[in-house]
Amino acid sequence: MEKLDPSRVQASLATLPDWTLDAACNAIHRKFLFDGFVEAFAFMTQVALAAEKRNHHPEWSNVYNRVHITLTTHDAGGLTQLDIELARYIDAVAQRFALRGDES
């Protein structure tokens with residue numbers, strides 16, 4: 001998978017308004033805030049199954065009802081189409097849950 005050029009990254013981010021670019025790390029981030037641990041863990045489980053099928057795994061952390069996700073493709077040295085597709089899937093999964101919003 002080829003690393004996306006900066007113009008494609010910006011165009012892709014325009015369709016992913018809740019994700020932020022970390023240019024220094026060539027990665028995108030999003031933070032989620034759920035009603036509780038069970039919801040956060042259920043969300044992570046659904047994402048984990050899809051990530052495993054794609055053989056493309058997020059960097060993430062979970063503390064109680066907070067989930068922080070970072071996407072990048074280490075083998076390519078930055079963002080690829082795989083990251084954008086997984087971010088879109090993650091957004092779709094998140095819509096099924098009662099989010100308290102993105103964590104600030």
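**Patch, sheet, core and a salt-bridge network**

The largest share of the nonpolar patch, three residues, comes from α2. Helices here are DSSP runs of H or I with at least four residues and strands are E runs of at least two, numbered from the N terminus. This is a predicted model, in which local features need pLDDT of at least 70, side-chain atom pairs count only at pLDDT 80 or more, and totals for chains, interfaces and linings use all residues. Residues are numbered from 1 along each chain as its sequence is written, and side-chain values use heavy atoms, with hydrogens and water left out.

The patch itself is built from F37, V38, F41, V63 and Y64 and covers about 550 Å² of surface. Patches take residues with over 30% relative accessible area and no salt bridge, joining nonpolar side chains (Val, Leu, Ile, Met, Phe, Trp, Tyr) within 5 Å and like charges within 9 Å. The areas come from the Shrake-Rupley method with a 1.4 Å probe, and for residues only the protein chains shown count as cover. F41 sits in helix α2 and is partly exposed, with a relative accessible area of 47%; that label covers the range between buried (under 20%) and exposed (over 50%), with a 1.4 Å probe and protein chains only.

Y64 turns up again in the sheet. β3 and β4 form a hairpin with two residues between them, and Y64 in the turn has a positive phi of about 50°. Strand β3 (residues 59-63) runs antiparallel to β4, the two being joined by five bridges; strands count as paired if DSSP finds at least two bridges between them. The β1 and β2 hairpin has four residues between the strands, and N26 takes a positive phi near 55°. β2 is mostly covered, with six of its eight residues buried.

Next, the inside. The largest nonpolar core has 23 residues, of which W19, F43 and I90 touch the most other members. Such a core is a set of buried Ala, Val, Leu, Ile, Met, Phe, Trp, Tyr and Cys residues joined through side-chain atoms within 4.5 Å. Two or more residues each come from α1, β2, α2 (37-54), β4 (66-71) and α3, and α3 gives the most, with six. Leaving aside residues up to four places away in sequence, F43 touches F32, F34, V67, I69, I90, V93, A94 and F97, a contact meaning heavy atoms within 4.5 Å.

The charged side chains supply two salt bridges, each defined by a side-chain nitrogen of Lys or Arg within 4 Å of a carboxyl oxygen of Asp or Glu. R30 forms one with D91, the closest N and O atoms being 2.4 Å apart. This pair links distant parts of the chain, R30 in strand β2 and D91 in helix α3 (residues 81-94), 61 residues apart. Both R30 and D91 are buried, and salt bridges that share partners join D18, R30 and D91 into one network. The D18 and R30 side chains meet at 3.6 Å, N to O; D18 lies in the loop between α1 (6-14) and β1 (20-22), twelve residues from R30. At 37% relative accessibility, D18 counts as partly exposed, whereas R30 is buried at 7%.
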